[in-house]
Structures are given as C-alpha cells and as structure tokens.
Amino acid sequence: MSKKILVSGIQPTGRLHIGNYFGAMKQNISIANNGEYESYIFLADYHALTTVRDGNALRAQTLEAAASYIACGLDISKAIIFKQSDVREVTELTWIFNNLVTMPYMMRAHAFKDREAKDKEVNVGLFDYPVLMASDILMYGADIVPVGADQKQHVEYARDIAGYYNRAYSVEEFILPADLILLTTGTVPGVDGKKMSKSYNNHIELFCSDEELKKRVMSIVTDSAAPEDKKNANASVIFNIHKLFLDKDQTEELRAKFETGGYGYKQAKDELLSTIMLWREGKKEKFDELMTHPEELIKILEDGGKKAQKKAESRMKGVRKTVGLS
Ligand code: ADP
Ligand code: TRP
C-alpha cells in the first residue's frame with residue numbers, strides 16, 4: 001500500500017519563532033521523521049509575495065526558513081523539502097480553481113475579512129490566498145495537513161474546492177480530503193501575552209543571537225506579584241512559554257514552583273532562558289552553518305523541488321486533459 005501524504009507549508013515572511021515551531025513545525029518534523037507518510041514540506045514563497053516587496057529579503061528568508069526546519073531536526077531523507085515556486089504548476093492549478101469559486105465564497109475567508117476590517121486595501125493575491133493554498137494541498141493529494149488552528153478555514157476551503165472541481169467535471173481527480181487531520185496545539189503567547197506573531201513584534205526567534213534571546217525573555221510581561229507570593233501558573237506568560245519545552249513531569253514541577261511561592265519572576269525568566277539555550281544547543285550551530293554555506297541548502301531545495309515537480313506534472317497532465325487544455 002502506498003503511504004499517506006503529508007503536506008505542509010510555511011510562509012517565509014520573516015524569521016521563524018517559537019510560535020511557529022510549537023504551532024506547526026514541531027509536529028511536521030515529528031510526523032515526517034517517523035517515515036510513515038510521504039511528506040511534502042515547502043517554503044510558501046508564492047504566498048509570501050502577497051506581503052513581501054523585497055526580493056533579496058524573500059530569498060534570504062526562504063533559505064532561513066529551510067535552514068530552520070533542518071536545524072530543528074527535519075530528516076531530509078524522509079521528507080521532501082522545497083520551494084513552493086519551484087513547482088510552477090501550482091499557479092496553473094490555482095488559475096483553474098479560480099474559475100470554480102465565486103466572489104462571495106472567497107469574501108467569507110477570515111484572512112480577507114481581517115485584512116479588510118483593518119481598513120487595508122486587499123490585493124488580489126491575498127484575496128486568492130486560500131485558492132493557492134488549496135492547490136498546494138490538492139496537488140500532492142494530502143491526507144494530512146498539520147497546521148495551526150488559524151489555518152483551519154484554509155484547509156476547509158481546500159476540501160470544498162476539491163468537491164467543486166470533481167462535481168464540475170464529473171471526475172474523481174482530487175480525493176475529497178475528508179479525513180484531513182488538522183493538528184492543533186494551543187496558541188503560543190508572545191512576550192506581551194498576546195498571540196505570538198512577528199506582526200506584533202512580540203515573538204522570540206528560534207535562532208536569534210544569545211543577546212537578543214535574553215532581551216526578549218527578560219521583556220516578558222509579568223504582574224506585580226513579589227517573589228515570595230504564590231502565583232497562578234496558568235495566568236503567567238513565562239509559565240505558558242516555558243512549559244512548551246518541558247515534558248509532563250517537568251511542567252508539574254514548574255507549576256509547583258509558581259504555586260508554592262518563593263519563585264520570583266526574575267528567577268523564572270532566568271530558568272526559561274536556560275531552557276531555551278539548552279534547547280538551541282546544536283540546533284543554532286547547525287542553523288548558522290547552513291546559512292554560512294548556503295550552497296548545500298540550495299542543493300537540498302533544488303532536489304526537493306524536482307521531486308515535488310514530478311508529482312505535480314503527473315497530476316497536471318490529468319487536470320489539463322479534463323479541463324480541455326490538452
Ligand atoms: P506570524 O503570525 O508570526 O506571521 P505565521 O502566520 O506565518 O506566523 O504562522 C505560520 C505557522 O505557525 C502557522 O501554521 C501558524 O498556525 C503557526 N503559528 C504562528 N504563530 C503561532 C502561535 N502564536 N501559536 C501557535 N501557532 C502559531
Ligand atoms: N498558509 C500557511 C501559513 O500561513 C502556509 C501554507 C501555504 C500552507 N500553503 C500551505 C500550509 C499548504 C499547509 C498546506 O501557515
């Protein structure tokens with residue numbers, strides 16, 4: 001029996017942070033590495049074009065995102081890692097899908113509504129974002145798409161679009177990914193307690209300098225409780241970030257420190273910093289090495305792109321025939 005397929009992308013719109021890691025990357029890596037799935041993991045640079053207007057920055061961020069994945073342990077012998085734009089077919093499929101979705105349907109997308117609500121003029125690429133993402137998911141025939149909760153609607157759009165296409169052309173080209181598993185971890189808080197996001201600048205980058213890491217950790221918001229006070233661990237941003245790095249027992253030990261009292265916020269931050277530093281050991285060196293000699297990384301992405309493109313090419317043969325382009 002052929003393996004089930006995992007598809008996941010991450011936008012290279014900036015350096016990856018611990019929200020990205022615990023919200024998406026960690027699960028992708030562990031599922032991909034167990035070898036049970038045929039895994040397609042890509043840097044969604046076409047998606048990033050909806051917001052990034054600096055070619056050099058996009059190029060660099062794409063490499064950094066790939067380096068982050070590998071430094072965090074993605075086994076490239078088990079997963080195909082590639083640049084979304086190395087598979088040009090995905091834009092062709094998007095165009096074909098565009099003719100099957102209506103404007104009112106697209107206008108219900110959260111990403112679009114949020115942007116509009118912020119009084120921003122939405123570009124057509126951003127408006128079409130869910131269709132491009134559906135093309136990624138359906139192109140490779142995803143069975144599972146491990147993304148954070150904020151991407152749930154996009155996965156549902158992919159499911160709808162598969163159905164629209166199959167019905168419009170009376171085919172079974174795209175598997176209706178009804179059993180699409182959406183892996184969700186809770187939302188990772190940023191240093192200010194809001195959802196961690198680079199757009200709020202409240203994030204902790206995975207591979208920033210040690211000084212920057214320290215600065216960010218020390219800037220985590222706290223209340224005015226004194227060191228000797230008992231503290232509600234669940235309400236503490238320090239605790240909620242720290243526990244991500246801990247197993248169950250360690251989490252309970254940490255909780256007890258907060259709740260017993262005598263554990264000041266300075267000490268809590270120092271310990272969080274040590275935990276993150278320990279977690280980064282080896283990974284940061286690997287990241288820096290990959291970025292200092294990007295030739296190896298570029299080659300990995302090119303090889304991955306070729307494999308993904310092959311799969312896309314065979315998919316598009318059928319699609320072109322069905323819709324009448326060939
Ligand atoms: P950002 O908000 O920093 O721009 P993205 O929107 O590019 O991050 O997120 C990429 C992936 O990381 C998504 O799958 C998203 O669900 C996940 N992710 C981002 N921030 C968080 C967070 N604070 N908590 C959990 N998951 C997150
Ligand atoms: N929209 C996703 C994000 O911002 C990235 C993405 C693009 C993606 N295409 C995808 C994720 C396909 C999963 C599957 O995180």
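Where in the chain is N201 found? N201 is in the loop between α9 and α10, and I'll come back to that loop at the end.

Hi everyone. Before the tour, some ground rules. What we have here is a predicted model, where local features need pLDDT of at least 70, side-chain atom pairs count only at pLDDT 80 or more, and totals for chains, interfaces and linings use all residues. Residues are numbered from 1 along each chain as its sequence is written, chains are lettered from A and ligands numbered from 1 in the order in which they are written, and side-chain values use heavy atoms, with hydrogens and water left out.

Okay, ligand 1. Which residues come closest to ligand 1? They are H17, D150, V188, S197 and K198, out of 14 residues that surround this ligand. By "near" I mean that a residue has a heavy atom within 4 Å of the molecule.

Now the polar contacts, meaning pairs of N or O atoms within 3.5 Å; for pairs within protein, one atom must be able to donate a hydrogen and the other to accept it, and residues adjacent in sequence count only if both atoms are side-chain atoms. S197 brings a polar side-chain atom to 2.8 Å from an oxygen atom of ligand 1. M196 uses its backbone instead: a polar atom there is 2.9 Å from a nitrogen atom of the ligand. G19 also works through a backbone N or O atom, at 3.3 Å from a nitrogen atom of ligand 1. On its own, ligand 1 has 540 Å² of accessible area, and the protein covers 88% of that. Those areas come from the Shrake-Rupley method with a 1.4 Å probe, and for residues only the protein chains shown count as cover.

On to ligand 2. There are 13 residues around this one, and G9, Y129, M133, D136 and Q151 come nearest. What do the side chains do here? Y129 has a polar side-chain atom 2.7 Å from a nitrogen atom of ligand 2. D136 places a side-chain N or O atom 2.8 Å from a nitrogen atom of the ligand, and Q151 has a polar side-chain atom 2.9 Å from a nitrogen atom of ligand 2. The protein covers 91% of the 370 Å² of accessible area that ligand 2 has on its own.

Which element gives the most to the shell around ligand 2? That's α8, with four residues. Both β1 (4-10) and α8 (129-139) supply at least two residues each. For the labels, helices (H or I, at least four residues) and strands (E, at least two) are DSSP runs, numbered from the N terminus.

Let's look at a few single residues. Is N20 buried or exposed? N20 sits in helix α1 (residues 18-33) and counts as buried because its relative accessibility is 17%. The cut-offs are under 20% relative accessible area for buried, over 50% for exposed and partly exposed in between, with a 1.4 Å probe and protein chains only. Leaving aside neighbours within four places in sequence, N20 is in contact (heavy atoms within 4.5 Å) with I10, R15 and M25.

T251, in helix α12 (residues 248-260), is also buried, at 10% relative accessible area. Not counting residues up to four places away in sequence, T251 touches F239, K243 and L246.

Then there's W95, in helix α4 (residues 89-98). W95 has a relative accessible area of 58%, so this tryptophan is exposed. From W95 to V131 is 36 residues in sequence and 8.7 Å in space, C-alpha to C-alpha.

For a contrasting pair, take S274, in helix α13 (residues 265-280). S274 is partly exposed, with a relative accessible area of 45%. Its C-alpha atom is separated by 46 Å from that of I161, 113 residues apart along the chain.

Finally, back to the loop. S170 is found between α9 (152-169) and α10 (210-218), and N201 is in the loop between α9 and α10 too. S170 has a positive phi of about 50° although it is not a glycine, and N201 likewise has a positive phi of about 50° without being a glycine. As for accessibility, S170 counts as exposed because it reaches 66%, while N201, at 48%, counts as partly exposed.

That's my tour, thanks.
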